[in-house]
Amino acid sequence: MKAQSTSIEPKTPIKNSPQSAPPKLVSSSYSPSPSRTIYSDRFIPCRSSSNFALFDLPSSSNNASSSDDSNSAYNTLLKTALFGPECVGGANAFNQLTPEKSTASGKFNHSASNFSQISPPNCNIFKYKIETRKPFPSLMPFGFDDQLPGVSPNRVKAPRKVPRSPYKVLDAPALRDDFYLNLVDWSSQNVLAVGLSNCVYLWHASSSKVVKLCDLGIDDSVCSVGWAQHGTHLAIGTSNGKLELWDASRCKRIRTMGGHRLRVGALAWSSYLLSSGSRDKSILQRDTRTQEDYVSKLSGHKSEVCGLKWSYDNRELASGGNDNRLLVWNQHSTQPVLKYCEHTAAVKAIAWSPHLHGLLASGGGTADRCIRFWNTNTNSQLACMDTGSQVCNLVWSKNVNELVSTHGYSQNQIIVWRYPTMSKLATLTGHTYRVLYLAMSPDGQTIVTGAGDETLRFWNVFPSPKSQNTESQIGSLSLGRTLIR
């Protein structure tokens, strides 16, 4: 700081103006003279005569050097933002980027040495760069904060884009337009099973190879298919009330189980336990290790059972029926432990959350159109969302806290939701009939939907567990439209 001639500056005089009279300080009768000078209380110290040694304080010269050190971090950040991270050098880097003035003439010194300092290589401030994929930080004002040591900014994630068109379409002749059936399932071995009329076909996603597994004959038809959680065993429910168990790797039927009097439209596996729901209103629990057709019978629905799902921990079974009821069973009960009767139409769409224990989602038919969320631990309803159309299926993403719903009357759309806000990430259209069938690939990225328009459509809707932007490679060898049989 430049030294001043005196230790204390005189107070700055302020003249009264006719427009702004000074405030009355003593009483209402007191009024200062207009010609009187008013002094402010501004105090400007002069440190040239101060004794810093008395208080063990550094002198003004030391203050200047410490001030320069304290500003070095800001100067580094400023240089990096203006000239790029490659231009950040030693202590004199900032001075090298500043044009020096000639002490003799006051003009810029354009000598070769100074010019090389002014324009170091790769430090052109007007250079053009393409950085379209560089995310913009949310807290730091400059885009080079990741170059600075000790800085860990929080970046704003761009909204994930869900492709609006299917990457593959399969023609599926005779795919039935029946709300109460479940004719599509995707195995952990990456094989898709589809029931078409009285036949079951297998589509190998890795090679796009189609294999005909079985033909039930003209007197029977396929009403449901369900893969075991691990391995190659496929369960097939028929219109005659039978349940057939097949080894898909050998295309061989292992056994046939009875017990139902009417068609079997819903299947669900829990390790070696297989549950089947029928139009006869009952649910049969089958232990595939025993010779008996079933080990227990669950009674609680008053109409056809059209939805069955085991929880991820295999402790609870949720069932939905045409009686508008959603029931929850445990492993040992023959009567439901929880009953939910809030839906006003058939409950086929059921999905357990893989992220939160006891979180259950269910969807109602045409007269209901709602997705409801339940906490089975506390036996309470958490939320209700009116979707505006018949809810046919629900599936929860294994990789992110999102879910997909498929719909029938009257929109025939597929909606990707973010939970728990239930904001729409995408609405997918393309089917011309009700989207009655839904299955998810084993990697959790792709879904396949089926409808009465006799097509199967494959969509990339969820991110992979490791990357939000990795696209699924399932079926990538044969994009386009093909025939499943």
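**Close-up 1. Ser-188 in the loop between β4 and β5 of the predicted model**. Ser-188 counts as partly exposed because its relative accessibility is 37%, which falls between the limits of 20% for buried and 50% for exposed. Beyond its neighbours within four places in sequence, Ser-188 makes contact with Gln-229, His-230, Gly-231 and Pro-442. One of these residues, Gln-229, has its backbone oxygen 3.3 Å from a polar atom of the Ser-188 side chain. Ser-441 lies 253 residues from Ser-188 along the chain, yet the C-alpha atoms of the two are separated by 7.8 Å.

**Close-up 2. Ser-311 in the loop between β16 and β17**. A polar atom of its side chain lies 3.3 Å from the backbone nitrogen of Arg-315. With residues up to four places away in sequence left out, Ser-311 touches Glu-316 and Trp-352.

**Close-up 3. The largest pocket**. Its volume is about 1,200 Å³. The lining consists of 42 residues, and those closest to the pocket centre are Asp-185, Trp-186, Trp-227, Lys-309 and Tyr-312. Two or more lining residues come from each of β4, β8 (222-227), β12 (264-270), β16, β20 (347-352), β24 (391-396) and β28 (435-440). By residue class, the lining of this pocket has 27 nonpolar, eleven polar and four charged members.

Notes:
Residues numbered from 1 in each chain as written. Predicted model: local features only at pLDDT ≥ 70, side-chain atom pairs only at ≥ 80, totals over all residues. Heavy atoms only, no water. Helix = DSSP H or I, 4+ residues; strand = E, 2+ residues; numbered from the N terminus. Buried < 20%, exposed > 50% of the residue type's maximum accessible area, 1.4 Å probe, protein only. Contact = heavy atoms within 4.5 Å. Polar contact = N/O pair within 3.5 Å; in protein donor to acceptor, adjacent residues only side chain to side chain. 1 Å grid on protein atoms, 1.4 Å probe; cavity = no way out; pocket = protein on both sides within 12 Å on 5 of 7 lines; lining within 4 Å. Points joined across faces, edges and corners; volume = space filled by probe spheres on them. Nonpolar A, V, L, I, M, F, W, Y, C, P; charged D, E, K, R; others polar.
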